[in-house]
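Student: Could we go through this model together? I would like to begin with the packing and then turn to the charged pairs.

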Amino acid sequence: MFRYVRWMALLSGLTAAPVLGATALQCVPYARIVSGVEIYGDALTWWDQAQDHYKRGSIPKKGAVLAFRPVGPMTLGHVAVVSRILDDRRVLIRHANWSSPGAIEEDVLAIDVSDAGDWSQVRVWHSPTGQMGARINPTFGFIYPAKAKLHPFTPDPALGSSLRYASAAADIGDGEDGAELAPLPRAATRMASVQTHAMVAAVSPKPAAPRRKAAPRIEADPFIIEYADNSPSDRSLGDVIADVKRESLMN
């Protein structure tokens with residue numbers, strides 16, 4: 001009887017708040033708050049849930065939710081919110097629980113690397129290493145909210161612990177205010193070792209001192225492969241090592 005009462009108390013506590021702060025902020029509540037798209041459940045279900053409730057498509061728009069397909073250990077999929085359109089192959093996104101558990105990344109680069117240019121495959125900025133992630137991530141497409149608006153996100157312990165990386169957009173000029181964004185050669189989206197042009201290389205309309213910063217690279221480096229939604233799983237260490245070896249051979 002005592003054991004039964006103990007388990008019931010534990011389960012009821014789990015529905016109210018994280019246990020001992022062990023839960024990390026997930027991508028789903030973050031994307032729901034920032035985009036205003038009222039969908040619940042695992043990220044991999046968002047695309048189907050959006051049918052008959054929200055418009056969907058393959059063209060990025062500000063405030064739209066980019067829904068990622070589950071792949072490899074990323075069994076629950078992922079969702080991110082478009083914060084700015086740079087050109088037909090580059091956008092900035094805001095998302096959580098991608099580069100590390102609970103991490104919030106705001107206005108980081110995502111690049112379309114699909115052959116058809118339909119955003120069905122993307123590479124995403126990896127904040128800890130300061131470069132594009134090596135993994136190619138398949139997506140469902142974009143879910144468009146009724147009103148394209150970015151909502152502020154305030155960290156809430158009830159949603160899980162989180163940390164915030166500095167915005168990768170700090171060095172990107174404001175193209176919406178007249179600055180011209182340097183075009184990205186399409187070949188660069190298919191070559192793993194081609195440098196991006198100073199990430200987005202905004203050309204200021206006013207003379208400015210040249211920046212001396214290393215340009216981010218798109219590199220097929222298996223050691224920087226990161227998976228979204230790093231939730232605990234029953235997979236063994238051997239399974240994880242096998243996945244890494246398989247990814248290395250693919251790249």
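Tutor: A contact here means heavy atoms within 4.5 Å. Helices (H or I, at least four residues) and strands (E, at least two) are DSSP runs, numbered from the N terminus. This is a predicted model, in which local features need pLDDT of at least 70 and side-chain atom pairs count only at pLDDT 80 or more, while totals for chains, interfaces and linings use all residues. Residues are numbered from 1 along each chain as its sequence is written, and side-chain values use heavy atoms, with hydrogens and water left out.

Student: What do the buried residues of α2 pack against?

Tutor: They pack against α3 (46-50), β2 (65-68), β3, β4 and β5. Buried means under 20% relative accessible area, exposed means over 50%, and partly exposed lies in between (1.4 Å probe, protein chains only).

Student: And why is α2 described as largely enclosed?

Tutor: Helix α2 (residues 27-35) is largely enclosed by the rest of the structure because eight of its nine residues are buried. Among them are Cys27, Tyr30 and Val34. Gly36, which follows α2, has a positive phi near 80°.

Student: Which residues have the most contacts inside the largest nonpolar core?

Tutor: A nonpolar core is a set of buried Ala, Val, Leu, Ile, Met, Phe, Trp, Tyr and Cys residues joined through side-chain atoms within 4.5 Å. The largest has 24 residues, and those with the most contacts inside it are Phe68, Val91, Ile93, Leu109, Val124, Trp125 and Phe142. Two or more residues come from each of β2, β3, β4, β5, β6 (121-126) and β8 (137-144). The largest share, four residues, belongs to β5.

Student: What about Arg89 and Asp112?

Tutor: Their side chains form a salt bridge at 3.4 Å, N to O. Arg89 lies in the loop between β3 (78-87) and β4 (90-96) and Asp112 in strand β5 (residues 103-112), so the pair ties together parts 23 residues apart in sequence. Both Arg89 and Asp112 are buried.

Conventions: Salt bridge = Lys/Arg side-chain N within 4 Å of Asp/Glu carboxyl O.
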